[in-house]
Amino acid sequence: MASSAAKLMKAVWYDTYGGGSSALKHVEAPVPAPLKDEVLIKVEATTVNPIDCKIQGGMLRPILPRKFPFIPLTDIAGEVVELGSEVTKFKAGDKVVAKLSDTAGGGLAEYAVAKENLTVARPPEVSAAEAAALPVAGLTALQTLTETVGLKLDKSGPEANVLITAASGGVGHYAVQLAKLGNIHVTATCGARNFDFVKSLGADEVLDYRTPEGAAVISPSGKKYDAVINCTTGIPFTTFEPQLGDNGKVVDLTPGAGTFANFALKKLTFSKKQVVPFLVSCKGENLEYLVNLVREGKLKTVIDSKFPFTEAGQAWAKSVDGHAVGKIIIEHC
């Protein structure tokens, strides 16, 4: 395309905290110009993550959004149309998947800019929707298992028992699949209606969180957990603690003030059982690893629903509702 500076694009933004889907506004906005280390991408698909809705609700005020109006969403797949002056890995026409800056956002638009080092090639075997779902949810699942807990996903590590809560959601459904690539026994929680789905992902045991056993996260086989990947809210550490092995670790993916306080307390008392707050760190090589797993058929993106760009508000409302099975995708037709 011609220089992006003179062009306008369709976009969706909000200009204040709160309001949910009704606060989203369809607008025309300038096409962003890529900096020297960025690529401009024509967006084909993007996804709504729970954190996007929480940011709109003011959870990270005043850090995010840094300014209004704000075009949300950070996970995109599309086609490179313009290069920054120092970009060497890509050319115009390349199909890619990218993680955008949390501070800049920009995914809910026709065009978006991404750093070259957070952009990876998308092979033809991986659809735009499958790829767009990966960055935040897939990287969270991967880094939690491999970096925070220290598990190996190639059968070379020791056996481990892991509990994954909210296993039918965006992060949870990736975490179950990734864990089963290693020597990992997976116990998963979800609602009864999603039992068969979570078992199809590879979970060895499934708990209905609405039952007494499920609420107490007790393994049906009596196993103690080496790690808990907690993808939900409202379960205190005291619920997990009796079910942990001697060195068990709870990784909280939605940490609040209580998690950080408990983390500090466990450190001070030298407790072997710990709760650890998790914040995702996007790495291009990690994203490339996930894309290759999808290409090889070892990891699948399960799509709850797809919405056209014109119905972005409905996708947002679906995410706020909190009962999606897999990922919610917005596509540009």
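Where is the place of A166 in this chain? A166 sits in the loop between strand 8 (160-164) and helix 4 (170-179). Helices (H or I, at least four residues) and strands (E, at least two) are DSSP runs, numbered from the N terminus.

This is a predicted model, so local features need pLDDT of at least 70, side-chain atom pairs count only at pLDDT 80 or more, and totals for chains, interfaces and linings use all residues. Residues are numbered from 1 along each chain as its sequence is written, and side-chain values use heavy atoms, with hydrogens and water left out.

## Confidence

pLDDT is the predictor's confidence in each residue, from 0 to 100. The chain averages 92. A score of at least 70 is reached by 93% of the residues. Over residues 257-270, pLDDT stays under 50. For that stretch the model has 17 contacts beyond four places in sequence. Contact means heavy atoms within 4.5 Å.

Most residues other than glycine have a negative phi, and most peptide bonds are trans. A166 has a positive phi of about 50 degrees, although A166 is not a glycine. V217 is another non-glycine with a positive phi, at about 45 degrees. V217 is found in the loop between helix 6 (212-215) and strand 11 (225-230).

A166 is partly exposed, because its relative accessible area is 28%. V217 counts as buried, because its relative accessibility is 1%.

One joins L64 and P65, with omega at about -10 degrees. Another runs from F68 to P69, with omega near -10 degrees. P65 is found in the loop between helix 1 (50-56) and strand 4 (75-83). P69 is found in the loop between helix 1 and strand 4 as well.

## Two covered helices

Helix 3 (residues 135-148) is mostly covered, with 12 of its 14 residues buried. Among them are P135, V136, L139, L142 and T148. An α-helix has 3.6 residues a turn, so residues three or four places apart point the same way. Just after helix 3, G150 takes a positive phi of about 85 degrees.

L145 belongs to helix 3. L145 is buried, because its relative accessible area is 0%. Leaving out residues up to four places away in sequence, L145 touches G150, L151, A175, L178, A179 and I229. L145 and I229 are 84 residues apart along the chain, and their C-alpha atoms are separated by 8.0 Å.

## S305 and F309

S305 lies in strand 14 (residues 303-308). F309 is found in the loop between strand 14 and helix 10 (312-321).

The side chain of S305 makes a polar contact with the side chain of D304 (2.8 Å). A polar contact is a pair of N or O atoms within 3.5 Å; within protein, one must be able to donate a hydrogen and the other to accept it, and residues adjacent in sequence count only if both atoms are side-chain atoms. Not counting residues up to four places away in sequence, S305 touches K318, K327, I328 and I329.

K36 is 273 residues from F309 along the chain, and their C-alpha atoms are separated by 29 Å.

| Residue | Relative accessible area | Class |
|---|---|---|
| L145 | 0% | L145 buried |
| F309 | 9% | F309 buried |
| S305 | 15% | S305 buried |

## A pocket

On a 1 Å grid over the protein atoms alone, a pocket is an open set of points where a 1.4 Å probe fits, with protein on both sides within 12 Å along at least five of seven lines; lining residues have an atom within 4 Å of a point. A volume is the space filled by probe spheres set on the points, and grid points are joined across faces, edges and corners.

About 650 Å³ of space lies in the second largest pocket. Of its 26 lining residues, the closest to the centre are P32, A104, G105, G106 and V113. Strand 1 (8-13), strand 2 (25-30) and strand 6 (111-115) each supply at least two residues of the lining. Strand 6 gives the largest share, five residues.

How values were computed. Buried < 20%, exposed > 50% of the residue type's maximum accessible area, 1.4 Å probe, protein only.
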